[in-house]
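Please read the following points alongside the coordinates. They move from a local feature to a helix contact and then to the protein as a whole.

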Amino acid sequence: MLQKLNTIYKEFPEKFWVVVGVSFIDRVGGTLLFPFFSLYLTQKFNVGMTQAGVILGIFAVSGLVGGMIGGALTDKFGRKKLIIFGLVFSALSTLTLGLVNDFNLLYPLAILIGLLSDMAFPAHQAMIADMLNEKQRTEGFGILRVVANIAWLIGPMIGGFIADHSFFLLFIIDASVSTFVAILFFFLIPETKPESTEEQKSESILKTFTGYFTVLKDFGFLFFIIAGILMNLVYTQMYNSLSVFLRDTHGTPPSVYGFLMAVSAITVIIFQFWVTRRIKSKKPFLLMASGAVFYLIGFGMFGFVGAVWLFALAIMIITIGEMIIMPTQQALAANFASEDMRGRYMAAFGLAWMIPQTIGPSVAGVILDNYNPYSLWYIGAFVCFFAIIGYLLLQKKYGHQDRFAPASVVAEKAEQAELEALEKLGEINEENELNQIA
């Protein structure tokens, strides 16, 4: 095992591992609070999931706008500045949210916080894509998934017990961690933005923003986003509505939900490396479809089961799909983009997450508050079915293109091209020698 880990470590650049380590610290702070935010809103302000869902939706809408702005600024000014800005503002906004006592104040705060905090999202994605080549990206994003889930193993379990006593302490810890990570980023992480051409340097901010029209003309990428929206509408319920559903329908405390998140994290930690290595030779759009099948089964189970061990089984099934989907979709999104458009493509890819986070919690809240709560999971399974169809259509239309080929195929073609180039160089040298002899 140690030898395998050492081999994996040597395959990736050193600065990538620095980002991995810093990201782990940040994730631990975030996972202490994020899974319990819906519980915090409904408990402190005595509101239903519908109202809590509206607040979460406002965060997502403003975050979507912030992400689009951040994508353009990332391509123009670089990754590092945007990431540090996002971390510092996140610390300030987290403390503010913990101190608010009037629910109505959350509406304007959600707009401002979502707008400025999420400006850094495309910069994070673009930085990883900058550091890794095409054949490394799927596995690189898989490594980040493992690290994130180690954080999910630590964060929710600790956060669940802290939440049983004091929600405000979670806000303090999260803000402190964000500040510390901003300092680490400033001193340890180099800028990764590729060197701009003279034309790109002289490009106006307005022209940088109009580059989004190029993204909108990429039909395949837009269809990829739509399929992702459908799938993530269901997936985000695990972090927004599931804790409230389990509490109100089955009477489970926050610590049980924390346990379920730990089950997911342990599954990823144990199996993500193995899964990522096995899927490198598979067609990525078909991988997305197969992962969505696991989502369909796992989320659908919550509509039928009532025991904690069956909840854990459903989470494990969902996590299998997650281990296939997460690194694959991030690598696919990066491969759609040209180098100089990477920030804007990754910002647009954020739509696949921001739209579900915008409408998902409020729609789920309406169902949980007014209808049979089990129907939320029946509908979710149905939506996953349409996502599966979408990925199969993408495979049929774009699966033959080299940029969407499995990583192993890309590596094989690169090696073949290198061999052909060396052979050609040898023939040229041989011809030159013969000419000299002649």
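1. Helices are taken here as DSSP runs of H or I with at least four residues, numbered from the N terminus. On that basis, Asn-46 lies in the loop between H3 and helix H4, the latter covering residues 49-77. Please bear in mind that this is a predicted model.

2. Is Asn-46 buried or exposed? Its relative accessible area is 70%, and because anything over 50% counts as exposed, Asn-46 falls in the exposed class.

3. Helix H3, residues 37-44, also takes part in a contact with helix H15, residues 242-250, where the two axes come within 8 Å and cross at roughly 50 degrees. H3 and H15 are therefore oblique to each other.

4. For the overall fold, the protein has 22 helices and zero strands. Among its contacts with a separation of 6 or more, 87% are made by residues 24 or more positions apart.

5. As for burial and surface, 54% of the 438 residues count as buried, while the protein exposes about 19,600 Å², of which carbon and sulfur atoms supply 67%.

How values were computed: Residues are numbered from 1 along each chain as its sequence is written. This is a predicted model: local features need pLDDT of at least 70, side-chain atom pairs count only at pLDDT 80 or more; totals for chains, interfaces and linings use all residues. Side-chain values use heavy atoms; hydrogens and water are left out. Axes are lines fitted to C-alpha atoms, for helices over the stretch in contact, and angles run from 0 to 180 degrees between N-to-C directions. Helices (H or I, at least four residues) and strands (E, at least two) are DSSP runs, numbered from the N terminus. Angles under 35 degrees count as roughly parallel, over 145 as roughly antiparallel, 65 to 115 as roughly perpendicular and the rest as oblique. Buried means under 20% relative accessible area, exposed over 50%, partly exposed in between (1.4 Å probe, protein chains only). Contact means heavy atoms within 4.5 Å. Accessible areas come from the Shrake-Rupley method with a 1.4 Å probe; for residues, only the protein chains shown count as cover.
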